[in-house]
Structures are given as structure tokens and as C-alpha cells.
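Here is a short report on one protein chain. Keep the sequence and the 3D view at hand while reading.

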Amino acid sequence: EKPKKKRLKPGDQVNHQVEGVTFVERVIPGVDGDKPFLMMETQVTQELWEAVMGSNPSRFKGARRPVEQVSWEESVKFANALSLKLGLTPVFEGKGNNARLVEGANGFRLPFEAEWEWAAKAGQGFTYAGSDNLSEVGWYDDNSNQQTHDVAQLKPNGYGVYDMSGNVWEWCNDPWDRDVYTSRQAQAEVSCDPYLYVSAPV
């Protein structure tokens, strides 16, 4: 008889290793009571991207710096390749902008924009993801020296996720629509413009 799989709950973490490179996922409470979901606690690092894809397209090189200079399509390919590396079923099928989600697949994917914003806010009322002081949680024009920095060097937000208020921009599975957020300003859980965070981990 197989041992029962541990049921994950918000606040738990899942550790992974690919080609000697470790990364961690955090269990995030579901949006408005939906099922919890997993999100990497940092942006995808260059060492992880290289372990999975065999190359590093980044301008600002550094193993623990976030990967950059990657398109949405390349991010989808990375998610599928990472899934295969860990013995999971790839979530995306199709090529380019026509890639679509496979129902029931258990691999990695880009977060939906609503999930990304929910994870960034972390149930807190801060201006940025984890603080009202951007310098505590994010690399930006005034403190970055115009370059990326190693992930997880500043404070995490309330869900234990780092760098959601800076360092690099991030891709989501679906487009961001300004009109949607303008029309929902009265709702506390979605009242903050997600681009204020200038950054969903892949």
C-alpha cells in the first residue's frame, strides 16, 4: 500500500531539485476562497533556467539573479521543460501564442494574473508587496544601480514570496487589462494596480 500523500495547506513549502539546482514553491491561499495554488518563492533564477534549458539569455549575469530577456513563449517552453525534468505532465500544448492549457495536467505553468496579484498582496494592506517602503522589498531605479540583483535579498511578503515589487518584470498566463482593474477599484481584494509591483514567478 502506497503511503498517503501529505495534504498541503497555505504556508507550507515544497522543495525541488533539478540538475543540482534547488528551488522552493510556497502554498498560496486560493483567490477568494478557491483552491490553494503553488508559486515559486523567488523569480526564476539564471541557474535554474540554464539547468532546464541549457542556455542563459540574461544581460546581467549571475547564477542567483533572475533570468531576463525571455519572451512569453520561451517562458511557456521553460515551464513544460521543467515539468518533464521533474516527471510531471506538461501543462501547455501548442506553439507560440497559440499555446493552451491542458486540463488535468500536473506540471508547472505561468500564474494567472489574478493569482499573481493575490500572491503579491498576500492578504496585507501595504502599498508594495510586503511593505509601505519599497526599498525594503524591491529593487528599483533608486537602489538597483540599474541592474538586477540576486533573488531573496530583501524582505519577503506575507506569503513568503520575494521580489514581487521589483528586480524584473514577470510573465503571467493571461493578459493584464487596465479596464478590468479600473472597474473593480471598490473591491478591496483587487483595488491595487498589479503593475505597481513591477514584477508572477514563472
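The residues lining the largest pocket divide into 21 nonpolar, four polar and eight charged. Here Ala, Val, Leu, Ile, Met, Phe, Trp, Tyr, Cys and Pro count as nonpolar, Asp, Glu, Lys and Arg as charged, and the others, Gly among them, as polar.

This is a predicted model, in which local features need pLDDT of at least 70, side-chain atom pairs count only at pLDDT 80 or more, and totals for chains, interfaces and linings use all residues. Residues are numbered from 1 along each chain as its sequence is written, and side-chain values use heavy atoms, with hydrogens and water left out.

## The largest pocket

The lining has 33 residues, of which Glu25, Pro36, Phe37, Leu38 and Asn106 lie nearest the pocket centre. Strand 1 (13–18), strand 2 (21–28), strand 3 (37–40) and helix 3 (113–121) are the elements that each give two or more residues to this lining. Strand 3 provides the largest share, four residues. The space in the pocket is about 1,200 Å³.

A pocket is found on a 1 Å grid over the protein atoms alone: it is an open set of points where a 1.4 Å probe fits, with protein on both sides within 12 Å along at least five of seven lines, and lining residues have an atom within 4 Å of a point. Points are joined across faces, edges and corners, and the volume is the space filled by probe spheres set on them.

## Overall layout

The protein chain has five helices and five strands. From the N terminus on, they run β-β-β-α-α-β-β-α-α-α. Helices (H or I, at least four residues) and strands (E, at least two) are DSSP runs, numbered from the N terminus. Of the 202 residues in the chain, 46% are buried. Buried means under 20% relative accessible area, exposed over 50%, and partly exposed in between (1.4 Å probe, protein chains only).

Three strands form an open, antiparallel sheet in the order 1-2-3. Strand 1 and strand 3 are the edge strands, each pairing on one side only. From one strand to the next, the twist averages 30°. Two strands pair if DSSP finds at least two bridges between them.

Strand 1 and strand 2 form a hairpin with two residues between them. Glu19, in the turn, has a positive phi of about 50°. The pairings are listed below.

How enclosed is strand 2? Seven of its eight residues are buried, so strand 2 is largely enclosed by the rest of the structure.

## Helices on the sheet

Helix 1 (residues 46–53) has Gln46, Leu48, Trp49, Ala51 and Val52 buried. Their cover includes strand 1, strand 2, strand 3 and helix 2 (72–85). Just after helix 1, Gly54 takes a positive phi of about 80°.

Helix 3 is mostly covered, with eight of its nine residues buried. Those residues are Glu113, Glu115, Trp116, Glu117, Trp118, Ala119, Ala120 and Lys121. Just after helix 3, Ala122 takes a positive phi of about 55°.

Take Glu115, which sits in helix 3. Is Glu115 buried or exposed? Glu115 counts as buried because its relative accessibility is 12%. Leaving out residues up to four places away in sequence, Glu115 touches Val31, Phe37, Met39 and Arg109. Contact means heavy atoms within 4.5 Å.

## A buried loop residue

Leu154 lies in the loop between helix 4 (134–137) and helix 5 (178–183). With a relative accessible area of 17%, Leu154 is buried. Which residues does Leu154 touch, not counting residues up to four places away in sequence? They are Ser135, Glu136, Val137, Gly138, Trp139 and Tyr162. Leu154 and Val137 are 17 residues apart along the chain, and their C-alpha atoms are separated by 5.2 Å.

Note on methods: Axes are lines fitted to C-alpha atoms, for helices over the stretch in contact, and angles run from 0 to 180 degrees between N-to-C directions.
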